[in-house]
Amino acid sequence: MSKLLIKNGRVLDPASGLDAVLQIAMEDGKFTAIGEMLDLPGAEVFDASGMIVAPGFIDMHVHLREPGFEYAETIESGAKAAAAGGFTTICCMPNTLPVNDNPTVTSYIIERANRHAVVNVLPIGAITKGSAGEELAAIGSMVQAGIVAISDDGRPVMNARVMRRAMETAKSFGIPVIDHCEDLHLSSGGDMHEGVQSVRFGLRGIPSASEDVMVARDILLAELTGARFHVAHISARHSVEMVAFAKSRGLSVTCETTPHHFALTDVDVLEYDSNYKMKPPLRSAHDIDAVLRGLTNGTIDAIATDHAPHAGSEKMQEFEKCPFGIIGLETALGLTLEKLVHSGRITVGSMVELFTTGPASVLQLQAGRIAVGRPADLTIFDTDREWTYDVNRSCSKSRNSPFDGHVFRGGPVATVVGGKIVWQV
Amino acid sequence: MAGLLGIERLERPEIEEILDRAKDFQPVQNESFKRLDLLRGRMVVNLFFEASTRTRTSFEIAAKRLGADAISITASGSSVSKGESLVDTLNTLAAMRPDAIIMRHSASGAPHFLARYLPTPIVNAGDGTHEHPTQALLDARTILDRRPTLEGLRVTIIGDIAHSRVARSNLYLLSKFGARVVLCGPASLLPSELSQLAPGIELTTDMRQAIRGSDVIMMLRVQLERQHESAFPASEYFRFYGLRLEHIGLAKPDVIVMHPGPINRGREISSEVADSQRSVILNQVENGIAVRMAVLERVLTRTCRNS
């Protein structure tokens, strides 16, 4: 019987509106008491004085590379990186080998996670078989096996009719459709955002319009089908505006953005450094402004990392040959504090929402709140401690981050999953 | 300057030094004994991952005329075809201690990426659709053989600008010296952002307007291998963007016509123009050797001084 008492922290729980210095008691994986004066004999005690104690953060968009690409990441290493970033729940995309397009793979991931992951791992299933964009995957069976959403992330469904059928199916099984919105014809061959910098570098561009046209299509299909539709890693100005429009019409349309998409622009791309190569690409300052506005006005529901590990050898190539994506679990909180909270754009409470109730409501999860009887997942962080990110000490198996050496102000201090401290600084 | 990766970052005095030195080397080409011993005992590796005849030969001749040893490797005969990564290939070559690696690659930025990891100076002989610095230098040398200065000249570059490393290197160089650069081509091959790369750049899709009053017309090869789709109807390319005798009258009377080669007669330039008195295409080729001698001398003697 494990007991844990977190003392003297500022407990910040947006779901209940709690914001006070309190003690939190946990037993057998669940919250048992929250109060001003608590004592829990025989419990491990963690003094969180000067720190913020929030519901466990949820990252609804990661790539764990297992099964199939264990040289880049495993469920175990990805989960460790998540814990080190303050996340207690992560949702893994289906682009593994084999693709998570059937309940056998779903069960395998859940089984591996139960055995090896220090955080909660919730799989996302594929929309189509092999994410090939043609024939629907075994969506209902995967829901029964434990997926929380469907997505062909990275290989978006180009056929609007297939997308319509996917939305209808997802709706009937009570899960959202997450789309990596990219018109593959418009973006074909592109390596970075289409703008002055891509022209300067002689790299093929990925226009913002390649994102916008798919967001528009999917919003219209969401209206047609009544499905819950979620835009992954939104990065373009018009896309943000269209999501706001869809919300104003009462549609079940949500979106997430990533820390790198509000922290960096295409001008920050270091000359042919593949640690700046991802999809969607780092956009223009105009786009970033719109993303920041979306984060402050509630258009954007969640911050997700799109943690995308790639082995060093894959990223040590000619820029155009390198795969897209960067790791992000360990730098997400630091970047968000820097760009959103310390800059005065949002309160720390709103930030916690973007990491907890935001994604929880998109996926309709029970997680993301502190309440007696609920699973005891907590993210304990501070907002002022200076620390430097050293990618070579990352818990991830991969090293592809543009933030190596970055000095952060504030970050995760301890991560509690199921009433146990699974990581601390 | 450890190597030479591009024109964009070069300062004007550095460019002037190379162009002046190239002028010293021009007479060597006409001597019966063409070899100088300035770089005796030094070795350069020509590493070409992309088909090239004139540039590779030109660099090889330049190295040999300076007394250096030159080895040429083409990708098809190298370990690249055995699946070795670019970094490993270059590290292997660097371990054989050449004094410089001259490199052409189809990926933009490939030499820049390697320069971060290799101690050996790299001379960029063309990277993807990014830069081709020695081409811009030899073009400038060729213009300056006929004009006292680049300043104030109207230089019109016509063709597939989007995919042209020759256009990029030239616009950087010409802009640094105060020339007005007019870029002209089909709209789909002429991204509007080009005008922000350097001062004094004008864009137009109208070839006649582009040529009017020009001192120099540079034609670009239609790069079929770099177009992943047809961005402009091939059947009407020559009609709208092919340089013909009728255009020459729109330019200054002493206009010169340039082309980096290889030329496609009847595709971007008519035979009449290519072979006309106004054409300096073969002078460009000749100057290529003198300019590359100047570049190699500079790169190799710098390394010598540093080591």
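Two residues are in contact if their C-beta atoms, placed from the backbone, lie within 7 Å. Helices (H or I, at least four residues) and strands (E, at least two) are DSSP runs, numbered from the N terminus.

## Basis of the model

This is a predicted model, in which local features need pLDDT of at least 70 and side-chain atom pairs count only at pLDDT 80 or more, while totals for chains, interfaces and linings use all residues. Residues are numbered from 1 along each chain as its sequence is written, and chains are lettered from A and ligands numbered from 1 in the order in which they are written.

## Helix packing in chain B

In H5(B), residues B:Pro133, B:Gln135, B:Ala136, B:Asp139 and B:Ala140 meet B:Val166, B:Ser169, B:Asn170 and B:Leu173 of H6(B). By class, this contact divides into 5 nonpolar, 3 polar and 1 charged residues; here Ala, Val, Leu, Ile, Met, Phe, Trp, Tyr, Cys and Pro count as nonpolar, Asp, Glu, Lys and Arg as charged, and the others, Gly among them, as polar.

The axes of helix H5 (residues 133–144) of chain B and H6(B) come within 8 Å and cross at roughly 55 degrees, which makes H5(B) oblique to H6(B). Axes are lines fitted to C-alpha atoms, for helices over the stretch in contact, and angles run from 0 to 180 degrees between N-to-C directions. Angles under 35 degrees count as roughly parallel, over 145 as roughly antiparallel, 65 to 115 as roughly perpendicular and the rest as oblique. The crossing of H5(B) past H6(B) is right-handed; a crossing is left-handed if the near helix is turned anticlockwise from the far one by less than a right angle, and right-handed if clockwise.

## The parallel sheet of chain B

An open sheet of 5 strands in chain B has the order E7-E6-E5-E8-E9, with parallel pairing. Two strands pair if DSSP finds at least two bridges between them. Strand E7 (201–204) and strand E9 (256–258) of chain B are the edge strands, each pairing on one side only. From one strand to the next, the twist averages 20 degrees.

Strand E8 (residues 216–219) of chain B is joined to E9(B) by 3 bridges, and the two run parallel. B:Ile217 has B:Val257 in E9(B) as its bridge partner. H6(B) packs on this sheet and touches strand E5 (154–158), strand E6 (180–184), E7 and E8 of chain B; the direction of H6(B) makes about 160 degrees with that of E6(B).

## Sheet and helices of chain A

In chain A, 3 strands form an open sheet in the order E6-E7-E8, again with parallel pairing. Its edge strands are strand E6 (57–62) and strand E8 (120–123) of chain A, each of which pairs on one side only. E6(A) is joined by 4 bridges to strand E7 (residues 87–92) of chain A, and A:Ile58 stands opposite A:Thr89 in E7(A). Helix H1 (residues 75–84) of chain A lies across E6, E7 and E8 of chain A, running at about 135 degrees to E7(A).

Helix H4 (residues 160–172) and helix H7 (residues 208–225) of chain A have axes that come within 10 Å and cross at roughly 45 degrees; H4(A) and H7(A) are therefore oblique to each other. H4(A) passes H7(A) in a right-handed crossing. Among the residues of H4(A) that meet H7(A) are A:Met163 and A:Met167, and the H7(A) side includes A:Leu221 and A:Ala222. This contact has 6 nonpolar, 1 polar and 5 charged residues.

## Domains and the chain interface

The domain assignment, which is automatic or from a database, gives chain A domain 1 (3–52 + 375–424) and domain 2 (56–363). The contact takes 30 residues from domain 1 of chain A and 42 residues from domain 2 of chain A. On the domain 1 side, E16(A) gives the most, with 7 residues.

Chain B is assigned domain 1 (12–131 + 285–306) and domain 2 (147–279), whose C-alpha centres lie 27 Å apart. Each of these domains supplies 10 residues to the contact.

Between the chains, the contact takes 20 residues from chain B and 18 residues from chain A. On the side of chain B, H4(B) gives the most, with 3 residues. That side divides into 8 nonpolar, 9 polar and 3 charged residues.
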